[in-house]
Amino acid sequence: MRAGFLFSEVRIGLRRNLTMTFAVIVTVAISLSLLGIGLLSNSQVNAMKDYWYDKIEVSVFLCGSLSESPSCSGGVVTPEQRTSIKSDLEALPVVQSVFYESQTEAFARFKERFKSSAIAQNVTADQLPESFRVKLKDPTQFDVVVSAFSGRPGVDVVQDQRSILEKFFQLLAVLRNGALIVGLLSVLTAALLISNTLRIAAFNRRRETGVMRLVGASSWSIQLPFLLEGVFAAFIGWMLASGLLAALKYVVETKVAPLLTFTKFFGWGEVALASGWLLLTGLVVSTIASAVTLRRYLKV
């Protein structure tokens with residue numbers, strides 16, 4: 001089949017069903033945009049995890065005058081216990097660095113954090129425990145420190161800051177999964193609309209396809225223009241969806257990021273990757289929907 005004739009047939013088909021074609025393009029654009037937002041939501045969750053987990057520390061609180069743990073039954077941590085605990089922490093392969101915080105330093109940090117609260121007036125330095133703040137090479141290896149130091153004489157409690165963020169990231173995961181599900185359902189809706197559009201086009205051009213069949217045209221030659229109409233609509237919809245994702249990234253980069261400097265956002269690389277997946281999804285879905293519809297309703 002000559003390329004000129006093929007594209008002429010596609011152009012005629014699109015012009016005849018201009019309204020339906022426009023509806024398909026808009027639906028595909030919206031569907032792929034929702035799916036793209038879901039993909040970017042996943043990238044955002046991963047970016048925030050990498051940013052915050054890299055900053056998380058494990059706190060090994062030592063026994064103080066107010067400690068009630070069984071490991072503190074011997075009283076306040078001794079200098080020998082403190083030195084031994086620090087040496088053993090630094091010897092662990094998973095530990096990157098160890099920082100000792102005295103009661104005075106803990107009190108100064110407490111006053112800075114709660115300087116506008118009345119609680120700061122009722123706390124003294126000797127009420128706050130001294131601690132070792134441990135930076136891990138891999139934040140997921142927190143259990144190694146817990147098993148090695150929990151219940152050890154001189155250690156009150158081992159606290160992982162990661163647990164504070166777990167519920168927050170679980171909430172983000174639920175929102176991300178919801179966005180992905182909505183996007184996939186929207187893509188399914190677009191596939192059904194492509195199928196219905198091609199079904200109407202095949203019915204309106206049944207006389208032409210009948211003539212082509214009589215003169216010996218192959219099934220592939222008859223079906224290909226219809227197939228390309230679906231692919232064309234999906235491609236234009238993908239371009240619009242990619243433009244929307246790029247606009248979203250620009251807004252995040254210029255408006256949101258300067259206000260929320262305490263975290264990290266997805267980059268242009270993630271936008272390009274999401275756009276690539278949207279293109280693949282759009283072409284695959286439109287091709288399958290078109291092929292199934294033509295096989296069923298275009299009798300050649």
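**Helix α5 and beyond**

Analyst: Let's start with α5: the face turned away from its buried side carries the exposed residues Asp143 and Ser147. Exposed means over 50% relative accessible area, buried under 20%, and partly exposed in between (1.4 Å probe, protein chains only). Helices (H or I, at least four residues) and strands (E, at least two) are DSSP runs, numbered from the N terminus. Keep in mind that this is a predicted model: local features need pLDDT of at least 70, side-chain atom pairs count only at pLDDT 80 or more, and totals for chains, interfaces and linings use all residues. Residues are numbered from 1 along each chain as its sequence is written, and side-chain values use heavy atoms, with hydrogens and water left out.

User: OK, and which residues of α5 are buried?

Analyst: Phe142, Val145 and Phe149. Seen down the axis of α5, they fall within an arc of 70° (taken from the directions from the helix axis to the C-beta atoms), so they line one face of the helix.

User: Why do residues three or four places apart point the same way?

Analyst: Because an α-helix has 3.6 residues a turn.

User: What comes just after α5?

Analyst: Gly151 sits there, with a positive phi of about 80°.

User: New topic. How many salt bridges does the structure hold?

Analyst: There are 4. A salt bridge here is a side-chain nitrogen of Lys or Arg within 4 Å of a carboxyl oxygen of Asp or Glu. Side chains of opposite charge can pair when their charged atoms come close.

User: Which residue forms a salt bridge with Arg82?

Analyst: That's Glu130, and the closest N and O atoms are 2.9 Å apart. This pair also links distant parts of the chain: Glu130 is in the loop between α4 (103–113) and β3 (131–136), Arg82 is in helix α3 (residues 79–91), and they are 48 residues apart. Glu130 counts as buried at 7% relative accessibility, and Arg82 is partly exposed at 21%.

User: What about Arg133?

Analyst: Arg133 meets Glu101 in a salt bridge, 3.0 Å from N to O. Here the pair links strand β3, where Arg133 is, with strand β2 (residues 95–101), where Glu101 is, and they are 32 residues apart. Glu101 is buried, with 4% relative accessibility.

User: And how many disulfides are there?

Analyst: A search of the whole structure finds 1, counting a pair of cysteine sulfur atoms within 2.5 Å as a disulfide. It joins Cys63 to Cys72, with 1.9 Å from S to S. Both cysteines are buried.

User: Left-handed or right-handed?

Analyst: Left-handed, because the torsion about the S-S bond of Cys63 and Cys72 is about -80°.

User: Last one: what's the overall picture?

Analyst: The protein has 9 helices and 4 strands, running α-α-β-α-β-α-β-α-β-α-α-α-α from the N terminus on. Of its 300 residues, 39% count as buried. Taking contacts (heavy atoms within 4.5 Å) with a separation of 6 or more, residues 24 or more positions apart account for 82%.
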